[in-house]
Amino acid sequence: MAESRVNAEKYFFENVYKLSILCCSFAMFSSKRNVNFNLFPVPDKNMLLFRKIVKSALSLIVILLLSNFSAAAAPDGKAIFQSNCASCHNPLKDATGPHLQGVDGRVPSKEWIHNWVHNSAGVIASGDKYANDLFNKWGKTAMTAFPNLSNEEIDAVVTYVNSVKAPVAVAATAGAETKEEGNDWLYPLITIGLLALAVILWRVNQGLRRVVAAKEGQPIMKSIPFYRNKIVVALFAIVLFIGAGFFIVNGGINMGRQQNYKPEQPIFYSHAVHAGINQINCLYCHAGAEKSRQAMIPSSNICMNCHKGISEYTGATDHPLVNEEGKKIDGTAEIKKLYDYAGWDPTKKEYRRDAQGNILATPIKWTKIHNLPDHVYFNHSQHVAVGKVQCQQCHGPIQDMDEVYQFSPLSMGWCVNCHRQTNVQFENNNYYSIFQKYHEELKSGKRTGVTVEELGGAECQKCHY
Amino acid sequence: MSQKKYWKGLEELNETADHQESVANEFKEDLPFDISGGLLEANTPRRDFLKFLGFSTAAAMLAASCEMPVRKAIPYAIKPEDIVPGVPNFYASSFVDGGDYCAVIVKTRDGRPIKVDGNPKSTITNGSSSARVQASVLNLYDKTRLRFPMADGKEAPTFEAIDRTVKEGLAGNTKQVYLLTSTIISPTTKEVIAKFLAKYPTAKHVTYDAISYSGMLLANQESYGKASLPSYHFDKAKTIFSLDADFLGTWLSPIEFAGQYSKGRKVSAKNLTMSRHYQVEPTHTISGAAADLRATCRPSELGAVAIALYGLVTNGTQPSFSNKHLNELLSKAAEDLKKGNGLVVCGSNDKNIQLLVNAINDKIGAVGTTINWAITSNYKQGIDAEMQTLVADMNAGKVGAIFMQDVNPVYDYCESEKFVAGLKQVTLSVSFADRMDETAQQSKIVAPDSHWLESWGDAEPKTGYYSFIQPTIAPLFKTRSFSESLLKWTGETTTYQDFWHQYWMTKLGGQANFDKALQEGIIEPANIAVSGASFTGNVSGAIAAIQQAPKGAPIELVLYPTISIGHGGAWSNNPWLQEMPDPITKATWDNYICMSPKTAKEKFDSELTSITEVVADKKQATIKWKNKELTLPIVVVPGMHNDVVAVAFGYGRDKGVGRAAASGVDKDGKSIGGKNAYPFVSFNTVAQTFSYNNSEITIEKTNSTHEVAITQTHHSYEGRPIIHEYTLEEFSKDPEVLLKERYAEIGHYTTKPWEHHEAPKEGFDPNMDEKFREEGTLYPNYDKEPRNEGIHWGMSIDLNTCTGCAACVIACQAENNISVVGKTHVLKAHEMHWLRIDRYFSGNPNDPDSVQTVFQPMMCQHCDNAPCENVCPVNATSHSNEGLNQMTYNRCIGTKYCANNCPYKVRHFNWMDWNGADCFDDNLYEDDRRDDMNDDLTRMVLNPDVTVRSRGVMEKCSFCVQRLQAAKLDAKKDGNPLKDGAARTACQQACASNSIKFGNANDPESEIYKIRHSEDKERMFYVLEQLHVLPNVNYLAKIRNTDKVIAGDKKEDLMMNQSKLIS
């Protein structure tokens, strides 16, 4: 839900941005056209293009908003599924557990689903035939019981899994997006064309003047080449100084920053496959994000919770894995690599152990992507558990990344900016009850929220100690 | 009592030229520029400056523009269930060092212990700790620890090989077998020892304590028929008389006693009762500093003092010492002791004196009230005579095997050569030392014991009080616990862990009880029994024995363990403890001869050196006894008896103990590491105990000098008043005396500057604090609104209960990764301690009985109107809306303006790269003795939540902001407001006397709010309040329970000039 809203906002801003650029250029061209460029064909074409884009952008916004609302019709189902079920179940494919789409048609009754989810071991013990068949089919592994889920919530999950469509749709929208961006090449082309035109006109103008002067018998001045013109030299020096300064300062500021850093990892682990297609909750693997300053890279035994059962990558047709160099990746081979690290023998289906019974596992040496300097204290749990910030806000569309890259600049300006704009969870957390003045102001409508900065979130020692 | 003059040292009292110069110079050494001949002729002229500038810019660019290194993130292969990376785990355990005991909670981060704090569930130590407990975690990561067992000075392949050798040696042995240990308080280890003794019939267990309490044990045996120690209740005592027992610093169980003592010293306008503490001692201890009335005597007079006090409480015989003040004090003390609820303790190791003290306690009815015989203490069990027998047996060739656990007689036995000679005759000598210390080097086999943080174990510090030791990390090296080794050699097949587990499962009856006990760390009796014992000692015999003792030489020697390093052991190699300033002398990294100022001046011509603390170069003196001699620098200690000198144990170690401990000569030819004082201990054949006072020495002056790094004068207030002290009588008469004094100072500024106002009248304004805050400045009061919203941190320090024990200093160092700088840089006033304890003397330095001492812990005061903040050119220090003065290291460019402008002198500059935090190579400071701090192993002690500071930045107390942030985060996750006490600073947690309070001063329910606004508002003051810097740390005035101030309140008492001082 929230993700899609973020996306919608992004689309919206992107399009507004494009729109404004186009408006400007259009205004420029149209004003010129009124003067002397009557016959120049580009503006009209541009005008058409502009209209087309405005139309498509508007319709896109409308579609996105609508899709946003339609998604809101079944909000619980998706959320509950992702946080409770997705680590073992996929709506469309068998995973650790069976695929769930159409589950209501397969099982004896709706009540049976409720009982099963609340206490699967109990249903098996009651001697239910369907339950026992299922239990035997899935390697005699009982499903975790979820006694806390209400019947309505379970129904919502069922409704959600039935509504999930094959990921072809995702690919289609992605294609649409790239097409939209395909118009970008036009602008530099137009600019270059215009510049060339200006130079030609200037040369023509000069030539004509020379001809006129010759005709009128005026002495032809040996003109100083323009690059030795004092004004030009001065201007050039100033521009060079400003430009070089800009690049040096910017380069200096960006030293040690690694936005878009996308290193090769020891295992081609695709977040798109796990978090995107299979909808596994981020916190299932990165459990530390709620408890600790570190989000925690999962140990290989956590991977093996699912991969004991999943030994090959079957999605290669729907979602082929391709690395940064364009090389095709064999998902099944990557899972084999995991087995080597985890000490799992896929043929015997058991762990390799030493004489003392310890599993012969070796840790995976991932290349760290998000590097903060040592003097920065960052705590994931503060942001995830208290601030209720979505992972994607800083890590970007992680569910679409086959190879993870650093989405955000992780610069101090970026941190502080968010602290300035973000409201704290003031109403829902009793911790903040000590800020009586702010509470009064909220009640009286004097303010709509309290930002992190207003509670001291932009002070040095919130992050540096 | 504002006219009372305090002085940090004699140079301040006398305003010597050195002192004035040192006060005028903020930074001790000259800047490395010579500009005396004008800028162009300077060593570093303008062109060089430009060259340097260019070079450093280019270097910085090069260093910074290197490619970002590729970092790896390596998760667990199989994650242990109870470890979440980044979240600390806490385990209850017990600190045991010989008989010294403290119930602790160990903080581990990602599987490694990083901090040891007290276990609040224990009623013995009440969640507090000491400097040594705090520093014990550093010993775990000591680079010098043995990494494998040794046989004949070489690495033994395995423990099995050692086991074979030992078993064979024992099997073929017909001679005596000795098991020599320090005091053992572990019930299971005692069982293991019993098994061992049963297996080898010729075996005998001898307990030997480097600092022995044999005199007390023997006296108790004679007095009550029990060779053990009772429990003391300083909290129940109305009158405490201590005869040379430093019970707040080093005597028996100081953590326990300081906690009890402070309960009787909490005084406020509402509760004007407090205990009265008399102290008679030859030297100056922190117990003496805390005392209400204090007198000095010679060590050879301790027996006579005990006799006099006995005479006073039995039949009122007036004492007749030449020291009139001592007579007066004793009469007063006897009067008070007779009123009931008295307690007399004595630090002497002489059986006869202790017997007399028992007799006094019996007479005044202390036994059964302040002394409890129902619960005995197991802290010390060594009987000195047994050690003498052992040494004699070894030299007579009667001993076939000796096993030495946690003892180091080659270093700390008084006749070390005799012990070594004996040891050479023993076929099988086994040491369990964790390093190649003096004894391990002389042993055939070394089977290193694991550190207590790596082992299973238990302790029974007092009868019925049990305490568990559980490992917090797997053994770092190939070491094995002593009990495990002994069990193996007994031929048992079970491991010690199983044995231990079985023992406690049986004793506690079931897994659930066991788990609970292990989790809480302690088991204590539900009801505390209190009972007395009938006294049967032979008093007249003791008196006769005391009177027969020979009179002392003109100058007598007292040997003492320091608060930091104690008896020696592994502590000597602990850089934190080596650099911890001694509470009284404020000296670091050395031992020295303590001497009264008068003696130093008159007999040792050392007025220009030793007498002042500004001049580091101290005159040396040589102490001689028999054929032994000891040359050490003289450090002047006001308050010492004029005929006494004192030397500390724990120095003069072999290089095998470690780099920080090693004594000898450094590469510049300077003597380092102090000298060993144990050879001056003697065995008193009459009392059958070791004597730590030597009355037979001679002492000679020398012309040589030695530098001693003393910290007290490093940060000066230039004589501004910073302490308020009253007698209880004065305070009872007018509890508002301090409020009035404060009003007289700040009342003038409680109205608007342009409004008409008169000079402050008598009395005070109850709202003066608020008014002063608002009107005491011409600038607008910007922070008014946020100050009353949310959190505003505040700290309160009670000077009345602070004992100066410095546990807070080391706790702060451990928590905040504070660098150790080494002696060379302490000499240059570069020490980094965020929290220092200032020591102030008052009184007449020539009259030791008149000297009174006050301690004042001093750290960043987190001023709301901080002078440091507005001089920083880069805004590296700023104020938070929670009242914290924030120091941002990564912004700091090291101008040091803030340190110049700080009135409290609490900011510390990183003059060197102490710990490799710089990104430049080859920049690390090295001075040999402290360098192990930078070893990869030792760096495991660093707190990962606190930045390690690099060269060129300023640092100071942060109020443990990492703990505050963590406490706030926990509260936010729970969705509850922050509870008072959830956020505790490291110093507060360590404080044994509960003197430091900390909390949200905006919360009317908090302790800090109550102290400031109701409970203790009469005693509350801010240091240098009149500057309008608005500190967030307040102090509570010192109250001495006397009817008159002995000295120091009148101008003529003070030695204001040189001539008077010499008189």
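1. **Basis.** This is a predicted model, in which local features need pLDDT of at least 70 and side-chain atom pairs count only at pLDDT 80 or more, while totals for chains, interfaces and linings use all residues. Residues are numbered from 1 along each chain as its sequence is written, and chains are lettered from A and ligands numbered from 1 in the order in which they are written.

2. **Chain B overall.** Chain B holds 33 helices and 45 strands. Both are DSSP runs numbered from the N terminus: H or I over at least four residues for helices, E over at least two for strands. The radius of gyration of chain B, 29 Å, is close to the 31 Å that the globule rule gives for 1063 residues, so chain B is as compact as a globular protein of that length. That radius is taken over C-alpha atoms, and the rule is 2.2 Å times the number of residues to the power 0.38. Along its principal axes, the C-alpha trace of chain B spans about 95 × 80 × 65 Å.

3. **Burial and contacts in chain B.** Of the 1063 residues in chain B, 57% are buried. Buried means 20 or more other C-beta atoms within 10 Å of the residue's own; exposed means 12 or fewer; partly exposed lies in between; C-beta atoms are placed from the backbone. Among contacts in chain B with a separation of 6 or more, 73% link residues 24 or more positions apart. A contact needs two C-beta atoms, placed from the backbone, within 7 Å.

4. **The A–B contact.** Chain B gives 41 residues to this contact and chain A gives 46. On the chain B side, the elements with two or more residues are α3 (46-65), β1 (72-73) and α30 (961-974). α30(B) gives the most, with six residues. The chain B side divides into 19 nonpolar, 14 polar and eight charged residues. Here Ala, Val, Leu, Ile, Met, Phe, Trp, Tyr, Cys and Pro count as nonpolar, Asp, Glu, Lys and Arg as charged, and the others, Gly among them, as polar.

5. Strand β3 (residues 366-367) of chain A runs antiparallel to β1(B), joined by two bridges. Strands count as paired if DSSP finds at least two bridges between them. Thr367(A) stands opposite Lys72(B).

6. **Seven-stranded sheet, chain B.** This open sheet has the order β6-β5-β17-β16-β15-β7-β8, with mixed pairing. β6 (154-155) and β8 (203-207) of chain B each have a single partner strand, so one side of each is left without a neighbour in the sheet. β5 (residues 150-151) of chain B meets β6(B) through two antiparallel bridges. There, Ala151(B) has Lys154(B) as its bridge partner.

7. **Four-stranded sheet, chain B.** The order is β12-β11-β10-β13, open, with parallel pairing. β12 (293-296) and β13 (342-346) of chain B are the edge strands, each pairing on one side only. Five bridges link β10(B) to β11 (residues 276-281) of chain B, in parallel. Ser242(B) stands opposite Gln279(B) in that pair.

8. **β24 and its partners, chain B.** β24 (residues 617-625) of chain B pairs antiparallel with β32 (residues 698-707) of chain B over seven bridges. In β32(B), His706(B) stands opposite Lys618(B). β24(B) also pairs antiparallel with β25 (residues 628-636) of chain B, over six bridges. Thr622(B) stands opposite Thr631(B) there. The hairpin of β24(B) and β25(B) has two residues between the strands, and Lys626(B) takes a positive phi near 50°.

9. **Other positive phi values.** Most residues other than glycine have a negative phi. Leu252(B) has a positive phi of about 60°. Leu252(B) lies in the loop between β10 (239-243) and α8 (254-263) of chain B. Is Leu252(B) buried or exposed? With 21 other C-beta atoms within 10 Å, Leu252(B) is buried. Lys388(A) has a positive phi near 55°, and sits in the loop between α17 (380-386) and α18 (391-395) of chain A. Lys388(A) counts as exposed, with 12 C-beta neighbours inside 10 Å.

10. **Domains of chain A.** An automatic or database assignment sets the bounds: domain 1 (75-164), domain 2 (227-255), domain 3 (271-372) and domain 4 (383-462). The centres of domain 1 and domain 3 of chain A, taken over C-alpha atoms, are 24 Å apart. Their contact takes nine residues from domain 1 and eight residues from domain 3. The domain 1 side has four nonpolar, five polar and no charged residues.
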